[in-house]
Structure formats: C-alpha cells, structure tokens
Amino acid sequence: MSATTPDSKGLKLTNTLTRSKDDFIPIDADNVRMYVCGPTVYDFAHIGNARPVIVFDVLYRLLRHLYGESHVTYVRNITDVDDKINARALRDYPDLPLNDAIAKVTEKTANQFHADVKALGCLEPGFEPRATQHIGGMIAMIQTLISRGHAYETQGEVLFDTASMPGYGGLSKRNLDDQKAGARIAVDAHKKNPGDFVLWKLSSAEEPGWDSPWGRGRPGWHIECSVMSEHHLGKVFDIHGGGLDLIFPHHENEIAQSCCAHGTDKMANVWLHNGFVQVEGRKMSKSEGNFVTIHDLLATVNFGGRKWPGEILRLAMLMTHYREPIDFSVKRLEEAERLLAKWPAVEASDAEPSAEVLAALGDDLNTPAAIQALHALAGEAARDEGKLAVYCATAALLGVAPVIVDTGDLDVASIDARIAERLAFFEAKNWAEADRIRDELVSEGIQLMDSKDKTTGKRVTTWEVKR
C-alpha cells in the first residue's frame with residue numbers, strides 16, 4: 001500500500017481531542033507512529049499503571065496486524081529525573097550521595113517494571129527513551145519557546161506562558177479565565193498567569209542537574225515527553241496515549257510546548273485515554289490500605305490470599321472497555337481465571353485471526369466483545385481441531401491464553417544457574433535480588449517451587465514450564 005493512500009483498515013478510535021469516534025487514518029501507512037507515557041521510576045508500578053501498558057499493547061498488536069510489524073513505531077518513555085525520585089532516593093539510601101542513591105532507585109525500579117510488564121504478556125516497545133538521555137533536546141526546545149515569545153525566565157525558573165497560545169486548553173476543555181479566578185496570589189506571584197508551568201528549574205548542589213543558559217538545573221516533567229516523542233516520531237504523529245489522569249495538566253501542556261515550538265496546530269492526531277482503576281470498589285491509595293503493585297499481585301499472597309499469574313491479570317483488565325472505569329477485585333480475577341481454564345493452550349499459528357474479534361477490536365478496541373468472541377472460538381477449537389489455528393492466532397493478537405513452551409528450546413543450564421544464584425541471594429538475605437530473579441524466570445514461563453530439604457532444612461528450588 002502506498003504511503004500516500006489513506007486507509008483506516010476499518011479501525012475506529014475515540015479521540016479525546018475531538019470527543020468523537022472516528023476512522024483512524026495514519027499520516028503515513030508505512031510508518032504508523034504511537035507514543036505512550038511510561039512510568040516515573042521512583043516506585044514499583046501499581047495496578048493502575050498496568051492498565052495503559054496492557055491497553056496500548058493490544059493496540060500495538062492490532063496496528064502491527066493491520067499495517068505490518070515493520071510499519072509501526074511504538075515509543076514508551078521512562079521518566080528517570082523527577083523530584084519524587086529524589087525524595088525516594090533520600091529516604092531509601094540516606095548514607096549515599098544523592099546521585100548514587102538516585103541511580104540505585106531508578107535501576108531497581110526500572111528493572112522491576114520491565115519484569116512486571118513482561119509477565120503481563122506485553123511486547124517491548126520499539127523505543128524506550130529515558131528523560132536523562134534527552135536533556136540537550138529539552139534545553140534546545142526551551143530556548144526555541146523563549147525566542148518565540150512562549151516562555152519566560154523568572155526567579156530562577158523558566159515558565160511556559162499559557163496566554164501566548166490561543167488554543168491552550170483544547171484537549172481538556174479547560175478555560176484559562178476559570179483558572180485565573182481560582183488562583184492563589186501568594187503561590188503565583190512570580191507567574192504571568194496562574195496556569196503557567198515550569199519548563200526548567202534550578203538545582204541545588206546536592207540535586208541532579210545539568211548546565212543550561214539559565215543555570216544548573218533540571219527539566220520540568222512536561223517538556224520531557226514533548227522532546228522524546230519528537231525525537232523518535234517527528235513533530236506531528238498519529239497516536240498519543242495514556243491514562244485519563246494525564247489529560248490535564250500533562251498532555252495539555254505537552255501539546256502547548258510542542259505546537260508552539262514547532263509551529264504546528266497539532267502534536268498528535270489522535271489522543272487516547274484509558275479510564276481509572278479502583279480496587280475492590282474504592283479509590284486506590286496507601287491511606288486506604290488498598291495500594292497494590294503489579295509485583296505484589298504476581299509474587300505475594302496479600303491480594304485474595306494468593307498470587308495471580310500475569311495472564312490472569314491481563315485478561316481481567318481487558319474484560320472492561322479501556323475507556324470505562326474498572327473495579328479491580330478478587331472476584332474479577334477469579335472470573336478471568338475460570339475463563340482461562342476453559343481455553344486451549346496457544347501454539348504458534350500463521351492463520352488469520354477471527355474476523356469477529358478483529359471487528360470488535362476495530363470498534364474502538366472493544367476488548368470485552370473480543371474476549372466474548374474468543375471464548376466462543378475456544379469452545380469450537382476444543383471440539384474441532386480445524387478451528388484451533390484460528391483460535392491460536394486470535395488469542396495471540398490479544399496476548400491472552402496460556403502459551404505452550406517448547407522445552408527443547410530452553411537453556412536448562414542457564415535456568416539452573418540463575419536458580420543457584422537466587423539461592424545464594426537468599427543465604428545473603430538479599431531478598432530483593434532473589435525476588436528479581438524469580439520474577440524474571442516467571443516472565444519467561446518458568447515457575448519456581450520452593451521447599452525445604454528434610455535433612456538439612458535448607459531451601460530447595462525446583463522448576464517447571466508454566467502452561
């Protein structure tokens with residue numbers, strides 16, 4: 001298909017920018033481009049963070065099927081410079097220099113995120129830029145915004161001038177005049193407008209910082225995604241995704257920065273946002289005692305008194321439409337588990353996925369309808385071997401259902417060596433590293449089983465391929 005031939009491939013998406021469900025027509029069908037906001041690596045990802053990762057993984061898989069694997073570019077960033085990271089580093093490693101402590105926090109948290117999302121069955125994005133790799137680009141964009149009259153320096157900060165952009169608020173539908181009416185004068189005294197936001201702030205000697213025309217400092221949160229997305233996807237790209245909580249201020253401010261820096265009327269053509277996640281009917285928070293990380297669910301027994309495999313967590317998320325709020329509960333997980341128990345394991349298949357499932361996904365990623373159709377197909381595949389290939393291809397498109405692992409391809413020596421390394425970490429009481437190795441193996445389909453030697457009382461670990 002020619003890059004100049006617009007083709008929606010039957011895919012409709014609900015665009016937050018237009019508040020309507022429209023045909024998706026890529027800018028260039030030979031390079032469909034999508035950016036999704038990734039984690040700020042100061043803490044393990046919670047179950048709310050898991051939802052956009054899973055949702056946009058399904059969209060990524062669908063786009064690859066429609067346009068070809070080599071014709072889709074998916075970027076998901078990692079924010080590794082942030083005041084929350086600094087605070088966590090000071091709390092967890094008070095005896096280390098701050099920069100060393102920050103390195104430990106971000107490395108540990110990013111590694112855990114990767115293990116978690118792999119266990120959830122998510123494909124790796126094509127690019128995963130880190131904010132600290134793009135500081136030079138951020139400084140350059142801020143300079144452009146200043147030169148074009150969209151930003152100003154004040155009291156050691158560089159701020160974006162929201163009044164300089166007539167269309168500011170177009171994504172969130174927020175009115176700048178309303179923000180002015182509710183502004184607190186004491187807080188905003190150094191701002192031209194109450195809604196102006198930080199592009200660059202000064203760093204103390206102890207804080208992470210980079211040299212800039214405005215002094216040694218660090219970027220604001222919003223500028224990071226504007227620069228990373230432009231670097232990999234260009235000034236205007238197809239799809240920008242994230243959670244509903246990011247519409248304002250993060251995504252609104254990304255649009256302001258990017259459009260004003262590049263002289264465009266858009267940053268992305270389509271903006272997609274997934275709904276909120278509650279836990280057992282309540283807003284998730286540490287004060288409520290219902291703050292649940294992906295790692296908790298995969299590795300501990302503090303949710304419903306048991307651990308939950310990644311394929312169950314993934315299916316439970318997809319049983320609700322991405323735009324709707326979801327109540328993440330033990331009941332929902334048990335329902336997903338019952339469904340999976342009825343489905344055949346998935347083998348590699350070159351068959352075309354079910355037309356019914358493709359139609360459901362093409363209707364604004366209607367995963368509940370897709371799963372219902374897949375469930376019916378699983379029943380047919382169990383009775384008719386001729387349907388099995390279609391079922392396998394369809395389940396793979398959604399990234400659900402247990403996968404048959406070819407034990408002949410396993411590196412048994414490597415698995416045994418990593419288990420021995422894990423046991424050594426237990427002996428050294430390094431629980432975090434022991435858990436990391438277990439999580440990595442689980443994500444690769446290797447289930448560990450711990451017991452005690454009846455003679456020595458020492459820990460013994462066996463393993464099996466997870467079906």
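## Helices α4 and α7

Helix α4 (residues 135-147) packs on helix α7 (residues 221-233) at an angle of about 105°. Their axes lie 9 Å apart. Angles of 65 to 115 degrees count as roughly perpendicular, so α4 and α7 are roughly perpendicular to each other. This is a predicted model.

The contact has named residues on both helices. From α4 come G137, M138, M141, I142 and L145. From α7 come I223, E224, S226 and V227.

## H262 in helix α8

H262 belongs to helix α8, which covers residues 247-262. Its relative accessibility is 17%. Buried means under 20%, so H262 counts as buried.

Beyond its neighbours within four places in sequence, H262 is in contact with M141, R148, E230 and K235. M141 is one of the α4 residues that meet α7.

## The four-stranded parallel sheet

Four strands form an open sheet in the order β4-β3-β9-β10. The pairing is parallel. At the edges are β4 and β10 (268-274), and each pairs on one side only. On average, neighbouring strands of this sheet are turned by 20° against each other, direction ignored.

Strand β3 (residues 32-36) is joined to β4 by five bridges, and the two run parallel. Within this pair, R33 stands opposite T73 of β4. Three bridges join β3 to strand β9 (residues 237-243), again in parallel. Here M34 stands opposite I239 of β9.

Edge strand β4 spans residues 72-76 and is mostly covered. Five of its five residues are buried. In a regular strand the side chains alternate between the two faces of the sheet. On one side of β4 sit V72, Y74 and R76; on the other, T73 and V75. Both faces are covered, and these residues are all buried.

## The three-stranded mixed sheet

A second open sheet has three strands, in the order β12-β11-β13. Its pairing is mixed. The edge strands are β12 (282-283) and β13 (326-328), each pairing on one side only.

Strand β11 (residues 277-279) pairs with β13 in the parallel sense, over three bridges. V279 has F328 of β13 as its bridge partner. Helix α10 (residues 310-318) lies across β11 and β13. The helix runs at about 150° to β13.

## Helices α15 and α16

Two packed helices are described by the angle between their axes and the distance between the axes. For helix α15 (residues 412-427) and helix α16 (residues 431-443), the angle is about 155° and the axes are 7 Å apart. Angles over 145 degrees count as roughly antiparallel, so α15 is roughly antiparallel to α16. The crossing of α15 and α16 is left-handed.

Which residues make the contact between α15 and α16? On α15 they are I415, R418, I419, E421, R422, F425 and F426. On α16 they are W431, E433, A434, R436, I437, R438, E440 and L441.

How values were computed. Residues numbered from 1 in each chain as written. Predicted model: local features only at pLDDT ≥ 70, side-chain atom pairs only at ≥ 80, totals over all residues. Heavy atoms only, no water. Buried < 20%, exposed > 50% of the residue type's maximum accessible area, 1.4 Å probe, protein only. Pairing = 2+ DSSP bridges. Axes fitted to C-alpha atoms, helices over the stretch in contact; angles between N-to-C directions. Parallel < 35°, antiparallel > 145°, perpendicular 65-115°, else oblique. Left-handed = near helix turned anticlockwise from the far one by under 90°. Contact = heavy atoms within 4.5 Å.
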